[in-house]
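Hi everyone, thanks for coming.

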Amino acid sequence: MKIELIYPFFIFAGLVIIIVLVYLRYLSRKTIRSFLELIDLNARLDFDLHAFLPEALPLLKKIKIEDFFYEIHYLDITVKKEQSEKGATIEKNLERNDYRIILGIVPRHSKGEQYYFNLIILEILALILEMDVLIKIKVIHEALYKFSRLQAFVLHDAKNLAQFIESLSYNVHRLENVERKESFINYLKETLTFQSRRGAKIISLLEMKQDTDGELSLEKTINMRLLLENLIQQYKLQCTIEGEASIVAEEYKVISIFDNIIRNIYDKSLMEKGITCLIEITNVGNLIKVMIADTGSPVEEGARLFEPFYSTKSGGLGIGLFQSKNIAATMKGDIRALPWESGAAFEVVLPVTQHM
Amino acid sequence: MATILLVEDDIALRKQIRFSLEDNFSVLEAETQKEAVDLLKNNSVDIIILDLGLPPNEDTPEEGLQILEYALKRYNCKMIILTGQRTEGIALEAIKSGAFDYLLKPASMDKILQSVERAHLFKETEDELVKMGVRKISLDFEMGKGLQTWRDEADKNIILRVLKDTDFNVSQSAKLLGVKRESLYYFLKKFGLKRDHED
C-alpha cells in the first residue's frame, strides 16, 4: 500500500480537528462573553439579587439555557421561582449557616461537550447568587449594627434629658421658700452651658448630611476664644489658648465641632494623668484656623480617625470626629489630623462667614 | 444626716437630683469613676446613686460596674443604680454584685426618692443591728455545688464583713468572731483576703 493513499485521510482528520477546535473556541468565547455579561449585569444592578434574577434569563438564553429556577432563603427572606420550561434539569444545592440556595437550569440540550458547559454555567450562576446573598446579609447586618450604635448615642442623651425634665418638674413644684428658689435657679444657671452643648450635639447629629441652605439660619457672631474657653472650663482641662478670632455661623454647629475634639482630650485625660492642651486661633484672610493639640497618647491610624463608627476606645461609638468633619464640610470648612511630636493634634479651618 | 454620693456625668440632671435630696441628706457629687472613688475614700457614704454609663465609656456600663464592685467590696453602703443601660445582663450583674435597687431612666422622682428612703431605712437598721453585735451578710448560691462551697462562701463573707468593720485589725476581728488569731490568719490565707492597698 502506497503511503500517498492515506494522505487524504490525514487531511480529512486534520480538517475535522480544526473544525472541532474552532467550534469549541467559538462556544467557549460565546459562553465566557455571556458570563462576563452576567457578572457585569449583576454589578450594574448593585449586586441586588432581586433586581438581577429577572434580568438574567435573556442572557442565559444566549448560551442555550432555556430556563432557570431557584429557591433562596436568607435572613427570613425567601426568593423563589418555579421551573416554567419543560426539559431535563441540572441542579445545585448550597446550604450554609446563614442562607440556603437551590438553583437549577434547563439546558436546550446536554449532549457531548455542552453538558460540561452547562455545569460551568450552573456553577457561575450559583457563585453570582451566593455573592449577592452574602453582600445582602453583610450590608443588612452592618446597617443594623450601625443603627443600634447611633441609637445608643442618641438614647444616652435622650434618656438623661427625659430624666432631667422629670426631676425638673418634680422640683419646680417644691420651691417652698426664697432660699430654695434661689438655690434652684443657681443650679439651673450652672448647667445652662451644658444643656446648650447637649442640644447642639443632638441637633447636629440629627441634621448630619443635610443641606440646610435656604432654611431659617440662626447665625451670629461668635468669639472663638470665648467659646473654646467655655468648653475647656466645662471639661476642667489644663489648656493654654493663644490668639483670637470671630466668625459668623450657627453657634450649635461650631460648638459641636469643637466639643467632639475637646471631649476626646477629656476622655484621654481620665486614663492618662497630667494631660495638657494647647489651642492656637489664627485668622488667615477669609478663614480662621484653630489648632488643638494635646500631650496625651498619639493618634493611632490617623487615616481612619474620621471614618464613621471607627473608634480606638473600647465601647466607643466612633461618631464624634466623623460628625465634626461632616458639620465643618457643611460650613465649607474642614478638619484634619496634624502630625504632632507628642500627643494628638487637629486643625479646624472654617470660613469667617458663610456668605462669601 | 445620712450622706448620699451621687455619681452622674450629666451635670444638669445631677444638680436636679441633688436639689430634691439635699433637704434631707448631705449630698456629694462625682462625675467620673476617679472622683467617686476619691470621695468614697475620704467620706463616710451611706447611699450611692450610681449611673453606670460614665466617661470615658459612657455608652457601656463598665465604669459604673467597676465603682459598684469597688464600693460594695470595701464599704457598708447601699447602692441604687439609676441608669439608661437597659439590658437584663447588666441588671443581673449589678444585683448579683449587691446593688440595692436598679432603676431605669427616666424614672419618676417619687420612685427614686422612695428607693432612697428604703435604702436609708435598711442602712440605719443594719447599723443598729451592728451595734447590737448582729451582722447581716448576703450570699449568692449556685445550686448543686455541694454544702462545703456554701459554707466557705458564708465564712468568707462573715470574715470579710468583720475585717472591714475593724479596718482589718486581725486581733479585734478575731475577738469579734470568737476565734483565735491563728485561725483567722488561716482563713485570710485560705480565702486570699487582703487589705485594699495590698491588692
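A word on ground rules before that. This is a predicted model, where local features need pLDDT of at least 70, side-chain atom pairs count only at pLDDT 80 or more, and totals for chains, interfaces and linings use all residues. Residues are numbered from 1 along each chain as its sequence is written, chains are lettered from A and ligands numbered from 1 in the order in which they are written, and side-chain values use heavy atoms, with hydrogens and water left out.

Chain A brings 36 residues to the contact and chain B brings 37, where contact means heavy atoms within 4.5 Å. Together the chains bury about 3100 Å², and 55% of that is on carbon and sulfur atoms; buried area here is the accessible area, with a 1.4 Å probe, that two parts lose on being put together, summed over both. On the chain A side, Q163(A), R180(A) and Y187(A) lose the most area to chain B, together 21% of what that side buries.

How many salt bridges cross the interface of chain A and chain B? The rule finds six, taking a side-chain nitrogen of Lys or Arg within 4 Å of a carboxyl oxygen of Asp or Glu. One of them joins R180(A) to E22(B), at 3.8 Å from N to O. As for where chain A's touching side comes from, helix 3 (113–172), helix 4 (178–190), helix 5 (192–207) and helix 7 (251–271) each supply at least two residues. Helices and strands are DSSP runs, H or I of at least four residues and E of at least two, numbered from the N terminus. Helix 3 of chain A gives the largest share, 13 residues.

Now the inside of chain A. The largest nonpolar core has 40 residues, and those touching the most other members are M224(A), L228(A), V254(A), I257(A), F258(A), V290(A) and L350(A). By nonpolar core I mean buried Ala, Val, Leu, Ile, Met, Phe, Trp, Tyr and Cys residues joined through side-chain atoms within 4.5 Å. Buried is under 20% relative accessible area, exposed over 50% and partly exposed in between, with a 1.4 Å probe and protein chains only. Helix 7 of chain A contributes the most to this core, nine residues. Apart from that core lies another, of 31 residues, including L49(A) and L125(A).

Over to chain B, which has eight helices and five strands. Of its 199 residues, 49% are buried. Have a look at F191(B), in helix 8 (residues 181–191). Is F191(B) buried or exposed? With a relative accessible area of 15%, F191(B) is buried. Beyond residues up to four places away in sequence, F191(B) touches D152(B), D155(B), K156(B) and I159(B).

Finally, the backbone. Most residues other than glycine have a negative phi, and most peptide bonds are trans. In chain B, a cis peptide bond joins P55(B) and P56(B), with omega about 10°, and P56(B) sits in the loop between strand 3 (47–50) and helix 3 (62–74). The bond from K105(B) to P106(B) is cis as well, with omega near -5°. In chain A, F47(A) has a positive phi of about 55°, in the loop between helix 1 (7–44) and helix 2 (49–62). F47(A) counts as partly exposed because its relative accessibility is 30%.
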